[in-house]
Amino acid sequence: MKYSFKCPAPCNYEIKVDAQNDDDAMNKFIAAGKVHAKEAHPNTTPMSEQKMKDMFKAGMKKG
Ligand SMILES: [Zn+2]
């Protein structure tokens, strides 16, 4: 199943993962999000894993 998450403005980068279920997607989003944040906006304050989970849970879309 495909999942996507749009990084908040002004970034608007779309993170896409292929996952078995929501939990799997969450783990992949966290891993991808860490890499993306490091590459795309290294100057933003790093988010805690719990905060990332909340953000992805609220914003991720299936398909
Ligand atoms: Zn971003």
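**Exercise 1.** Determine how many helices and strands the protein has, and in which pattern they follow.

*Solution.* Step 1: the secondary structure comprises two helices and three strands, where helices (H or I, at least four residues) and strands (E, at least two) are DSSP runs numbered from the N terminus. Step 2: along the sequence, the pattern reads β-β-α-α-β. The model is a predicted one, in which local features need pLDDT of at least 70 and side-chain atom pairs count only at pLDDT 80 or more, while totals for chains, interfaces and linings use all residues. Residues are numbered from 1 along each chain as its sequence is written.

**Exercise 2.** Compare the radius of gyration of the protein with the globule rule.

*Solution.* Step 1: the radius of gyration is taken over C-alpha atoms, and the globule rule is 2.2 Å times the number of residues to the power 0.38. Step 2: for 63 residues the rule gives 11 Å, and the radius of gyration of the protein is 11 Å, so the protein is as compact as a globular protein of that length. Step 3: the C-alpha trace spans about 30 × 20 × 20 Å along its principal axes.

**Exercise 3.** Describe how helix 1 and helix 2 cross, and which residues meet.

*Solution.* Step 1: two packed helices are described by the angle between their axes and the distance between the axes. Step 2: the axes of helix 1 (residues 22–40) and helix 2 (residues 49–59) come within 10 Å and cross at roughly 115°; axes are lines fitted to C-alpha atoms, for helices over the stretch in contact, and angles run from 0 to 180 degrees between N-to-C directions. Step 3: Met26, Phe29, Ile30 and Gly33 of helix 1 meet Glu49, Met52, Lys53 and Phe56 of helix 2, a contact meaning C-beta atoms, placed from the backbone, within 7 Å.

**Exercise 4.** Identify the residues of the largest nonpolar core.

*Solution.* Step 1: a nonpolar core is a set of buried Ala, Val, Leu, Ile, Met, Phe, Trp, Tyr and Cys residues joined through C-beta atoms within 7 Å; buried means that 20 or more other C-beta atoms, placed from the backbone, lie within 10 Å of the residue's own, and exposed means 12 or fewer, with partly exposed in between. Step 2: the six residues are Tyr3, Phe5, Val17, Ala25, Phe29 and Phe56. Step 3: strand 1 (2–6) and helix 1 each supply at least two residues of this core.

**Exercise 5.** State whether Asn12 is buried or exposed.

*Solution.* Step 1: Asn12 lies in the loop between strand 1 and strand 2. Step 2: Asn12 has 8 other C-beta atoms within 10 Å and is therefore exposed.

Note on methods:
Two residues are in contact if their C-beta atoms, placed from the backbone, lie within 7 Å.
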